[in-house]
Amino acid sequence: MAISRRSNNNTGTAELLEALGRVALFSGLPKKTMQQIANMCHRHTFVAGDEIVTQGDRSGRFYMIVSGNAEVHVNGHVVNMLGPGQHFGEYAVIDREPRTASVTATNDVLAYSLASITLRPLLKDEPEITYRLLLNACERLRAMQSTLC
């Protein structure tokens with residue numbers, strides 16, 4: 001995995017709140033909840049070719065892409081492309097199992113992340129986020145199933 005250029009979110013809080021509002025998982029949540037999420041985030045930058053997460057790794061971070069693009073690889077095959085407003089890593093956060101895919105930056109990527117230790121309690125306290133996460137997981141499973149038939 002590439003070493004990201006990580007910084008605390010103390011700078012660019014307005015940028016972060018705006019970015020969170022563009023992530024379907026968080027859009028429309030109360031301002032207080034959005035601020036709570038922003039306070040837990042860490043900012044990361046990656047360059048083209050950086051592996052953001054590695055399949056099989058046990059890391060527990062959830063990522064939201066603010067700018068740039070990334071490829072999702074499973075067993076070395078590209079299975080999806082991600083861009084601004086999209087997220088990944090929720091499965092590893094929820095079930096604490098190894099990552100099911102690798103994600104590689106295809107150009108410069110700005111992303112924010114939440115650690116599982118902070119996201120898991122948030123999912124318990126905010127059922128709307130949990131529900132949206134489940135809907136997203138169902139969408140991904142259905143898309144995968146449609147390619148198998």
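**Exercise 1.** Starting from Tyr-63, which stands opposite Ser-113 in E9, work out which strands join E4 and how they run.

*Solution.* The model is predicted, with local features requiring pLDDT of at least 70 and side-chain atom pairs pLDDT 80 or more, while totals for chains, interfaces and linings use all residues. Residues are numbered from 1 along each chain as its sequence is written, and side-chain values use heavy atoms, without hydrogens and water.

Strands here are DSSP runs of at least two residues, and helices are H or I runs of at least four, both numbered from the N terminus; two strands pair if DSSP finds at least two bridges between them. E4 and strand E9 (residues 109-115) run antiparallel and are joined by six bridges. E4 and E7 also run antiparallel, with two bridges, and Met-64 has His-87 in E7 as its bridge partner.

**Exercise 2.** Decide why strand E4 (residues 61-67) is largely enclosed by the rest of the structure.

*Solution.* Buried means under 20% relative accessible area with a 1.4 Å probe, protein chains only. Six of the seven residues of E4 are buried, so the strand is largely enclosed by the rest of the structure.

**Exercise 3.** Determine which element gives the most to the lining of the largest pocket.

*Solution.* A pocket is an open set of points on a 1 Å grid over the protein atoms alone, where a 1.4 Å probe fits, with protein on both sides within 12 Å along at least five of seven lines, and lining residues have an atom within 4 Å of a point. H5 gives the most, with nine residues.

Terms used:
Buried means under 20% relative accessible area, exposed over 50%, partly exposed in between (1.4 Å probe, protein chains only).
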